[in-house]
Amino acid sequence: MFFQVIDILGTIAFAISGALVAMNKRMDPFGVLIIAFVTAVGGGTLRDVMIGIEPVSWMRNMTFVYVIISSAFFAVLFRKRINYLRKSLFLFDTIGISLYTVVGIETGLVAGLHPLICIAMGTMTACFGGVLRDILCNEIPVIFRKEIYATACILGGITYFLLLQFFEDRNILFVIVGVVVITIRLIAVRYKISLPTLYKKDEGIL
Amino acid sequence: MFFQVIDILGTIAFAISGALVAMNKRMDPFGVLIIAFVTAVGGGTLRDVMIGIEPVSWMRNMTFVYVIISSAFFAVLFRKRINYLRKSLFLFDTIGISLYTVVGIETGLVAGLHPLICIAMGTMTACFGGVLRDILCNEIPVIFRKEIYATACILGGITYFLLLQFFEDRNILFVIVGVVVITIRLIAVRYKISLPTLYKKDEGIL
Amino acid sequence: MFFQVIDILGTIAFAISGALVAMNKRMDPFGVLIIAFVTAVGGGTLRDVMIGIEPVSWMRNMTFVYVIISSAFFAVLFRKRINYLRKSLFLFDTIGISLYTVVGIETGLVAGLHPLICIAMGTMTACFGGVLRDILCNEIPVIFRKEIYATACILGGITYFLLLQFFEDRNILFVIVGVVVITIRLIAVRYKISLPTLYKKDEGIL
């Protein structure tokens, strides 16, 4: 129950973030809806397809479909006032990726995958909706260029496996990983910490 | 038989539209062939992969492979005269999306999916080949920005489920949905009706 | 054993090529790692997902995961001196696509697919990692515009099926196809042969 509420809050934040980017690109209502959808479920869809869980999760859970459609409508209707929700949305989003990370890891574990692959699945679940959103909007994905975002998920994933042996109660582990992810992201945003960009002039290798 | 002819006409229209966009981007013959292919089968491929129908449909039906390759060749050879076919191609394309919509819906029904998901699958089958074409050509997908295209498919899908209980003969339902999709698209193009674009300045939320 | 060494050399070349393109786009270390990964395993992942081999291959073989991560690190650390490796990397890459082509074809054969689809799977395995790399970097895929690259794979694939009946020992066939792909690519690069680009002004068809 507790986790489902978080999951829904995360989905709302992702869908609204997608709708806002789409409106910034002057899309029509259909485009806004699709981008909201892809942002919210894209990471989990990629994960499911690559692991072989099909039909993919969102097709079997109408709650999320309704939440995403409503969030997109909401974002469109209140697009001029949505800045007031800035902080709430940022918080939902941050809580959302922490949950998605753990969901992705556990999906990988159930499929019998190696811990490193599970961490990759967790990060993909949390981050690749945003990657697909940016590709559809014809931008280089923002998480490849700045922001401690994926990094927080990866560190959360490592924490998960380091502590796995000490916790019989998965719920506690869940919460600890969530706190790690959220803390790293909040600190990074608060102090404007980001990974350095690397640069190599194109000299035509390959 | 009747439906297979329509299906092939639709595939021809999609493949040629892909080849034309690729040539507009100054691609080489290989690029033109791939874009023709992706435009024609991309939507159905995404649908199959997300539902779990694998190997995906076009791999098991060589007719379509041959049709697509021939269409791409044709578009390349006659690229200077193809404008004369303008109206025929537009018609094939419109008939094509109406058929693809129904095919996508029925694929979803066979997989036991919720009506709303089935409509999404129908729209995806009809429209996402064009989305993938635009992504590969480094453009924001045109159906997210203008044209009543996806909207016609969605309304056709809703019609399908509203009338499903009244028709034992699926073929009649097929034709009615097709007429709905085609009519909406023709009217929209004739009277230059399009969805309004939405706009929200980027103020850095999330 | 011999083939595994080649496979690893090819993976190294692909991962480094991805890392270099990512750095040219001023990405951060996370972006560089992801692009390296996608370039190396993207083609095989698409192939596996479309055929229905899931979890996809690289999730079940940690060797490649370690090789890719190490290659990305290496490319980042030595990015200023990597030009000295120009020729070796080009050679690894060329040997890599010849092997990937055969691997893709044989994967298709095992799945019982038509020879034409098998050739497509071989070409996809060899070339679509680079296509995904370019899409994530917001470029029109380079293999759609110039270079005899996919063409070499396609001709290698055709050679495979022309000679299939004459060879009981698959290893010899493997080597012949490899030599064909490598020779075509080397000749094309040496003499700067490329496919002509096609052009068709956009006159608004469809």
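A search of the whole structure, a predicted model, finds 15 aromatic pairs over all chains. Rings of Phe, Tyr and Trp (its six-membered ring) pair if their centres lie within 6.5 Å; planes under 30 degrees apart are stacked, over 60 edge-to-face, and the rest tilted. One of the pairs is A:Phe30 with B:Phe144. Their ring centres are 6.2 Å apart and their planes stand at 55°, so the pair is tilted. This pair crosses between chains: A:Phe30 sits in helix α2 of chain A, and B:Phe144 in the loop between α5 and α6 of chain B. Helices (H or I, at least four residues) and strands (E, at least two) are DSSP runs, numbered from the N terminus.

In this predicted model, local features need pLDDT of at least 70 and side-chain atom pairs count only at pLDDT 80 or more, while totals for chains, interfaces and linings use all residues. Residues are numbered from 1 along each chain as its sequence is written, chains are lettered from A and ligands numbered from 1 in the order in which they are written, and side-chain values use heavy atoms, leaving out hydrogens and water.

**Interfaces**

Contact means heavy atoms within 4.5 Å. Buried area is the accessible area (1.4 Å probe) that two parts lose on being put together, summed over both. A salt bridge needs a side-chain nitrogen of Lys or Arg within 4 Å of a carboxyl oxygen of Asp or Glu. A polar contact is a pair of N or O atoms within 3.5 Å; within protein, one must be able to donate a hydrogen and the other to accept it, and residues adjacent in sequence count only if both atoms are side-chain atoms.

| Chains | Residues in contact | Buried area |
|---|---|---|
| A and C | 37 residues from chain A, 38 residues from chain C | about 3400 Å², 71% on carbon and sulfur atoms |
| B and A | 37 residues of chain B, 38 residues of chain A | about 3400 Å², 71% on carbon and sulfur atoms |

Between chain A and chain C the rule finds 0 salt bridges. Polar contact there counts 5 residue pairs, both residues at pLDDT 80 or more. On the side of chain A that touches chain C, α2 (29–51), α5 (115–136) and α6 (150–163) each supply at least two residues. The largest share, 7 residues, comes from α5(A). By class, this side has 22 nonpolar, 6 polar and 9 charged residues. Here Ala, Val, Leu, Ile, Met, Phe, Trp, Tyr, Cys and Pro count as nonpolar, Asp, Glu, Lys and Arg as charged, and the others, Gly among them, as polar.

Chain B and chain A also have 0 salt bridges. They have 5 residue pairs in polar contact, both at pLDDT 80 or more. In chain B, α5(B) gives the largest share of the side that touches chain A, 7 residues.

**Backbone**

A cis peptide bond joins B:Glu54 and B:Pro55, with omega about -5°. B:Pro55 lies in the loop between α2 and α3 (62–77) of chain B. In chain C, a cis peptide bond joins C:Glu54 and C:Pro55, with omega about -5°. B:Arg26 is not a glycine, yet has a positive phi of about 60°. B:Arg26 lies in the loop between α1 (2–24) and α2 of chain B.
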